[in-house]
There are 4 protein chains.
Amino acid sequence: MMHILVSNDDGYQAPGILALFDALSKMADVTVVAPERDRSGASNSLTLDYPLRVHEVGERRYRVEGTPTDCVHLAITGLLREEPDMVVSGINAGANMGDDVLYSGTVAAATEGRFLGLPAIAISLNSFAPRHLASGARVARQIVERLSRDPLPSDTILNINVPDLPWEEIQGWEATRLGRRHRAEPVVRGEDPRGRPIYWIGPPGNEEDAGPGTDFYAVRNGFVSVTPIQVDLTRYTALDQVAGWVTGLGRPAEEGG
Amino acid sequence: MMHILVSNDDGYQAPGILALFDALSKMADVTVVAPERDRSGASNSLTLDYPLRVHEVGERRYRVEGTPTDCVHLAITGLLREEPDMVVSGINAGANMGDDVLYSGTVAAATEGRFLGLPAIAISLNSFAPRHLASGARVARQIVERLSRDPLPSDTILNINVPDLPWEEIQGWEATRLGRRHRAEPVVRGEDPRGRPIYWIGPPGNEEDAGPGTDFYAVRNGFVSVTPIQVDLTRYTALDQVAGWVTGLGRPAEEGG
Amino acid sequence: MMHILVSNDDGYQAPGILALFDALSKMADVTVVAPERDRSGASNSLTLDYPLRVHEVGERRYRVEGTPTDCVHLAITGLLREEPDMVVSGINAGANMGDDVLYSGTVAAATEGRFLGLPAIAISLNSFAPRHLASGARVARQIVERLSRDPLPSDTILNINVPDLPWEEIQGWEATRLGRRHRAEPVVRGEDPRGRPIYWIGPPGNEEDAGPGTDFYAVRNGFVSVTPIQVDLTRYTALDQVAGWVTGLGRPAEEGG
Amino acid sequence: MMHILVSNDDGYQAPGILALFDALSKMADVTVVAPERDRSGASNSLTLDYPLRVHEVGERRYRVEGTPTDCVHLAITGLLREEPDMVVSGINAGANMGDDVLYSGTVAAATEGRFLGLPAIAISLNSFAPRHLASGARVARQIVERLSRDPLPSDTILNINVPDLPWEEIQGWEATRLGRRHRAEPVVRGEDPRGRPIYWIGPPGNEEDAGPGTDFYAVRNGFVSVTPIQVDLTRYTALDQVAGWVTGLGRPAEEGG
């Protein structure tokens with residue numbers, strides 16, 4: 001039987017991960033290793049300076065005092081006796097599209113599962129207060145079923161965003177690229193009750209590139225957006241230009257100390 | 001005069017950021033906005049649930065109780081009266097190459113500066129206890145000088161790794177792609193003094209793709225590695241394959257609830 | 001009906017607080033406001049620099065991203081619509097006796113309830129892995145019952161330690177003073193997997209004053225120890241001596257700048 | 001030469017601890033072990049679940065990623081080669097009087113030094129933005145000088161509050177008891193920029209017992225307040241009453257399971 005590792009960034013008790021667990025338990029052995037509390041915005045952060053504590057909260061269910069990346073990292077480097085076949089992360093309360101993916105702990109958890117035998121999946125619902133977790137759960141199940149019959153390369157990472165709609169109102173599936181936002185809205189200045197300044201990170205910027213082909217566009221039109229994600233951050237299209245540009249810098253060894 | 005924002009992930013008092021500040025102050029107005037303490041491994045994590053506190057620790061020098069990404073985000077969305085022209089992040093104690101870039105707070109700080117008028121730069125020295133900060137500082141100065149005369153597109157992000165060598169032993173510059181590591185070493189299990197289990201994240205995996213053309217290779221051979229980084233995580237080369245694959249999933253609206 | 005606020009320092013899901021909730025719910029309206037995670041050792045620490053977040057996890061059950069003191073402070077200064085009549089904190093996994101009380105979050109939560117109409121109670125079981133939570137729960141119920149019939153002054157704080165024994169093996173109740181320990185054992189030096197030094201706080205010191213009349217003695221002999229606690233930290237017995245001593249310091253205003 | 005351990009809760013770089021260091025260095029060997037950042041409100045909290053990291057930031061100057069209590073605990077249980085003779089904590093920006101002492105990290109740091117050969121001292125200035133650190137420093141020096149000539153018992157803890165006045169305007173010294181406040185002001189409800197509720201701990205309550213003899217009264221009238229503090233939290237005056245009260249509870253062993 002397939003062995004799926006489930007994680008998220010909303011914490012091990014979030015309704016989204018419970019729905020995901022239930023959906024996948026019908027078709028696979030599922031182990032949950034998830035943060036003990038909400039770690040939205042954690043990106044790929046990894047705890048290097050302190051040890052991690054792991055608590056078993058039920059059969060094959062662990063909470064970790066750490067980030068989503070810590071959770072998946074631990075799970076696949078020795079915490080679990082049997083290596084999982086794949087990671088499914090989510091179901092996140094709130095979409096992870098466009099530039100927001102950079103900051104997402106949900107997608108980071110999937111990314112950390114890139115070394116396993118089957119693709120890694122991140123699933124998010126397009127609402128901070130989702131009403132249709134069942135649609136997200138159904139997406140998870142269909143994706144996993146299809147992967148077991150018709151696999152994609154093992155290093156594939158799929159970032160899936162689901163409209164927060166009843167299943168029958170979802171229009172279909174679409175392979176997409178990530179859209180892009182404008183710069184974030186200004187920082188929100190405030191004061192604490194003692195009169196000292198505080199700063200809140202402002203809301204994300206407006207959509208800049210959200211036309212056909214993007215994840216923004218697909219979800220806005222009722223489609224499940226499926227974006228292949230890469231781990232290699234090299235901007236290959238700029239390599240030649242940069243190669244030319246650096247020749248203008250001169251050789252340090254020649255010019256002297 | 002150019003206005004450069006300097007940040008890092010080792011904290012505002014780390015020797016690397018002080019060396020960077022000194023080097024760039026000779027040629028530009030420099031503002032430092034950096035974390036109050038070591039935040040290595042923070043990746044692009046962003047503080048969404050709590051307000052941030054900013055402390056002015058000197059003229060144009062701020063420490064923030066937050067992540068590297070928080071620092072640059074605040075700085076360019078309203079903390080500073082005048083928008084900087086570019087971000088330079090570092091000089092990090094320790095290389096940021098290959099997959100490690102995913103977890104790097106140094107590179108994340110540069111990434112967050114992608115909306116400014118000039119490219120964003122991350123600079124790391126290839127040693128956890130650098131002896132040749134002067135080489136890193138010289139690299140910073142030369143890169144910034146060249147960018148001011150011969151600019152690259154404003155959304156360029158350069159990830160620069162410098163061998164920890166005296167300047168005259170550095171062999172030159174090389175435009176590189178990121179290498180790739182094998183999976184990380186196993187988690188390190190231990191016990192605290194009360195006999196309870198703890199887990200440390202294990203060391204990074206060995207190099208898997210570290211041949212000619214990679215950052216690993218360049219630095220190992222004494223070159224300054226310059227890698228263009230992208231923010232768009234779409235894996236374009238897999239888009240067609242995924243587009244085909246999702247057609248096999250069937251239309252939700254048709255199949256019913 | 002009496003309204004009891006229940007809190008602890010082991011976290012809102014700890015078995016001890018669940019047992020306490022069940023026991024008291026039979027005789028009173030119970031509201032739980034407790035930390036979202038283990039905060040043992042938190043003492044009376046109060047979160048002044050950041051706002052607190054409160055999550056309703058069930059009917060009259062709240063978890064707080066904060067310390068035990070934060071929880072009770074919030075609860076009695078406005079979070080709850082109806083002011084509770086008393087606070088019961090626990091059931092802690094591990095005794096809180098002697099000097100250890102200084103560091104205890106369990107006792108701190110009770111202390112923060114000192115302004116309410118009925119005494120505040122802290123209950124701890126003498127084992128880090130309690131087997132007889134039922135004994136602790138029974139103690140809680142009997143104490144609250146007796147207080148409702150035969151009240152103690154409203155500013156009383158009772159620190160109760162229960163042997164981890166079956167109810168029928170408990171020898172009785174004893175009013176006690178706090179014992180005292182020798183200085184703590186040495187710090188435990190270690191290394192993280194990267195070879196950098198780490199330090200663990202050592203175990204508490206041995207008992208120095210643990211004879212008849214102390215909490216240590218009572219619990220060791222199978223009795224429930226009941227210690228009245230004070231909030232006024234003035235050492236009255238030293239006031240005269242200090243008053244004499246400070247006269248030797250001379251008047252600043254006379255001696256000049 | 002006397003060896004004094006200096007700590008605080010405002011962080012190792014706070015102006016108050018720097019002034020204290022300078023003042024005491026003229027008369028003793030001084031070692032600083034202090035938190036790396038502001039830990040006001042930390043009370044006696046102790047880090048039990050994670051290791052501590054210590055960074056040497058100068059000769060005999062250490063910053064610790066921990067609480068004030070952690071700092072002093074480490075220092076006297078093995079971090080320092082030579083045991084200090086006494087602890088002086090401060091100079092805190094803001095008074096620590098009355099009930100506030102319960103929450104104070106400054107006083108907690110002194111309390112943790114109760115096992116050393118000479119008394120432990122906590123010094124606070126009565127202003128969040130002190131203008132007369134020199135007065136606090138002078139108090140520290142005079143107190144230590146007098147203790148070395150005319151010692152108090154080694155387990156004495158003195159909590160000293162200094163008016164924020166020029167030295168020549170200070171009226172003298174007074175041995176005091178702690179005053180008492182009314183219950184704290186209500187919690188301050190707010191919203192974050194996303195519309196989610198947040199709660200700030202409200203300001204301390206008004207003074208309830210602030211008449212002659214209290215620390216509040218002394219400082220308000222321009223005197224340096226010196227309060228002896230005790231570690232034994234037993235409320236001895238209530239012991240008889242509680243002893244009588246518990247007899248009404250019946251013997252568990254008799255009444256059965």
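Analyst: What follows is a walk across the sheet, then a look at some residues and at the chains.

This is a predicted model, where local features need pLDDT of at least 70, side-chain atom pairs count only at pLDDT 80 or more, and totals for chains, interfaces and linings use all residues. Residues are numbered from 1 along each chain as its sequence is written, chains are lettered from A and ligands numbered from 1 in the order in which they are written, and side-chain values use heavy atoms, with hydrogens and water left out.

Start with the sheet in chain A. Nine strands form an open sheet in the order β3-β4-β2-β1-β5-β6-β7-β13-β8, and the pairing is mixed. Its edge strands are β3 (54–58) and β8 (172–175) of chain A, each pairing on one side only. Neighbouring strands of this sheet are turned by 20° against each other on average, direction ignored. Strands and helices here are DSSP runs numbered from the N terminus: E over at least two residues for strands, H or I over at least four for helices. Two strands pair if DSSP finds at least two bridges between them. Angles run from 0 to 180 degrees between N-to-C directions, using axes that are lines fitted to C-alpha atoms, for helices over the stretch in contact.

Now take one pairing. Strand β1 (residues 3–7) of chain A runs parallel to strand β5 (residues 86–93) of chain A, with four bridges between them. A:Ile4 has A:Met86 as its bridge partner in β5(A).

Helices pack on this sheet. Helix α4 (residues 133–149) of chain A touches β1, β5, β6 (120–125), β7 (157–162), β8 and β13 (223–229) of chain A, and its direction makes about 165° with that of β5(A). Another helix comes from chain B: α6 (residues 239–247) touches β7, β8 and β13 of chain A, at about 170° to the direction of β8(A). Contact means heavy atoms within 4.5 Å.

Next, one residue of the sheet. A:Val30 sits in strand β2 (residues 29–35) of chain A. A:Val30 is buried, at 6% relative accessible area. Buried means under 20%, exposed over 50%, and partly exposed in between, with a 1.4 Å probe and protein chains only. Leaving aside neighbours within four places in sequence, A:Val30 is in contact with A:Ile4, A:Val6, A:Phe21, A:Leu24, A:Ser25 and A:Arg60. A:Pro84 is 54 residues away along the chain, yet its C-alpha atom is 8.6 Å from that of A:Val30.

Turn to chain D and its strand β13 (residues 223–229). Six of its seven residues are buried, so this strand is largely enclosed by the rest of the structure. Strand β7 (residues 157–162) of chain D runs antiparallel to β13(D), joined by five bridges. There, D:Ile157 stands opposite D:Ile229. Strand β8 (residues 172–175) of chain D pairs with β13(D) in the parallel sense over four bridges. D:Gly172 has D:Phe223 as its bridge partner in β13(D).

Finally, the chains together. Chain A superposes on chain B by a rotation of 180° with 0.0 Å of shift along its axis (RMSD 0.0 Å). The two copies are thus related as by a two-fold rotation axis. Such copies are superposed by least squares on the C-alpha atoms of residues with pLDDT of at least 70 in both. The copies meet through the same surface, because 100% of the interface residues of chain A are also interface residues in chain B.
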